[in-house]
Structure formats: structure tokens, C-alpha cells
Amino acid sequence: MTQQVEVTLSPRPRGCHLVTSEITRQLPHLPKAGLLHLFVKHTSCGLSLNENYDPDVRRDLSAIFDHLVPENQSYYLHTLEGSDDMPAHAKACLAGVDITIPITGGRLNLGTWQGIYLCEFRNHGGSRKIVATIIE
């Protein structure tokens, strides 16, 4: 059996944000076993699984992305939507736009220190839509 819902995340500023609770609150009842696939419907943000305890990890990852893909490079052609737009698209390619998590015992089977991140690469990305597909 497969279920699919669309989850809406609150707007966030640029950075890596722990969104596990916000996503799970919007999911239907999870099966005893299965998979949860999450797909973000945007080209300037990404999804990731990472450290859910120390907020320094989120700040460090944001700094790493900004270092790897800086703004205002002379070789960028796609510049009409602001200096953060083209770097946001490149960062989304690096981070990826989907993750898959096992479901065990009716819960997400995440590691002790794992959480779901929204990696927001725009300064003002707005609310983000995620398609959540539950496969039993």
C-alpha cells in the first residue's frame, strides 16, 4: 500500500534547519514497516539527514556550502533573481532534493543523532513543499 501527502514547511532564512518534528506532525499514521520518501519541490533548497543535537553542525554546514559555492561570481549567467539564486541552485545539486527513511514499528527508524534537515539556500525562500510518500 502507498500513501502520499504534501507537507508544507514554514518559511526559514538561509541555513540548515532541523525539520523532523514539523514533517512528522503532518504525516498520516505510519505502518509497522515500510519506507518514507521525502521530495522537496523546489530548486533552491535541499533535504539531508544529519546531526540532530548540536546546532553548531547546522551552522558549520551552512558555512561550508557558502564557502563551496560563493555568491557574486563573474561567471554566473543566471543572475536576474538576486545574488543568492544561482548559488542556491548549485547547492541544491550538492545537497540533493530527496531522502528515504526506513519505517520500523510505526516510527521513522533514524539513528540516535539523525534528524531531517531543510537546507535553505535562498535568503528568503518562503514556505517549502515536500511530497511525502509512504510505502508499506
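This is a predicted model: local features need pLDDT of at least 70, side-chain atom pairs count only at pLDDT 80 or more; totals for chains, interfaces and linings use all residues.
Figure 1. Arg-59 counts as exposed, at 52% relative accessibility.

**Figure 2. Arg-122 forms a salt bridge with Glu-81**. Side chains of opposite charge can pair when their charged atoms come close. Here the closest N and O atoms are 4.0 Å apart. Arg-122 is in strand E7 and Glu-81 is in the loop between H2 and H3, so the pair ties together parts that are 41 residues apart in sequence. Look at how the two partners are covered: Arg-122 is buried at 14% relative accessibility, while Glu-81 is partly exposed at 49%. Elsewhere, salt bridges that share partners join Arg-14, Asp-66, Glu-71 and Lys-91 into one network.

**Figure 3. Lys-41 and Glu-6 link distant parts of the chain**. How many salt bridges does the structure hold? There are ten, and one of them joins the side chains of Lys-41 and Glu-6, at 2.8 Å from N to O. Lys-41 lies in the loop between strand E3 (33-40) and E4, whereas Glu-6 is in strand E1, 35 residues apart. Lys-41 is partly exposed, with a relative accessible area of 43%, and Glu-6 is partly exposed too, at 41%.

**Figure 4. Five strands form an open sheet**. Follow the strands in the order E1-E8-E3-E5-E6, with antiparallel pairing. Strand E1 (2-9) and E6 stand at the edges with a single partner strand each, so one side of each has no neighbour in the sheet. Strand E5 (residues 98-104) pairs with E6 over two bridges, in the antiparallel sense. To find your place, look for Thr-104, which stands opposite Arg-107 in E6.

**Figure 5. Tyr-53 and Trp-113 form an aromatic pair**. A pair of aromatic rings is described by the distance of the centres and the angle of the planes. The count comes to three aromatic pairs. In the pair of Tyr-53 and Trp-113, the centres are 5.7 Å apart and the planes make 70 degrees, an edge-to-face arrangement. Tyr-53 is in the loop between strand E4 (45-51) and H2, and Trp-113 is in the loop between strand E6 (107-108) and strand E7 (114-124), so the pair ties together parts that are 60 residues apart in sequence. Tyr-53 is exposed at 61% relative accessible area, and Trp-113 is exposed at 52%. Another pair joins Tyr-75 and Tyr-76, with centres 5.1 Å apart and planes at 80 degrees, so this pair is also edge-to-face.

**Figure 6. The cysteines form zero disulfides**. A disulfide is a covalent bond between the sulfur atoms of two cysteines. Cys-93 is in no disulfide, and the nearest cysteine sulfur, that of Cys-45, is 12 Å away. Cys-93 is exposed, with a relative accessible area of 67%. Cys-119 is buried, at 2% relative accessibility.

Notes:
Residues are numbered from 1 along each chain as its sequence is written. Side-chain values use heavy atoms; hydrogens and water are left out. A disulfide is a pair of cysteine sulfur atoms within 2.5 Å. Buried means under 20% relative accessible area, exposed over 50%, partly exposed in between (1.4 Å probe, protein chains only). Rings of Phe, Tyr and Trp (its six-membered ring) pair if their centres lie within 6.5 Å; planes under 30 degrees apart count as stacked, over 60 as edge-to-face and the rest as tilted. Helices (H or I, at least four residues) and strands (E, at least two) are DSSP runs, numbered from the N terminus. Two strands pair if DSSP finds at least two bridges between them.
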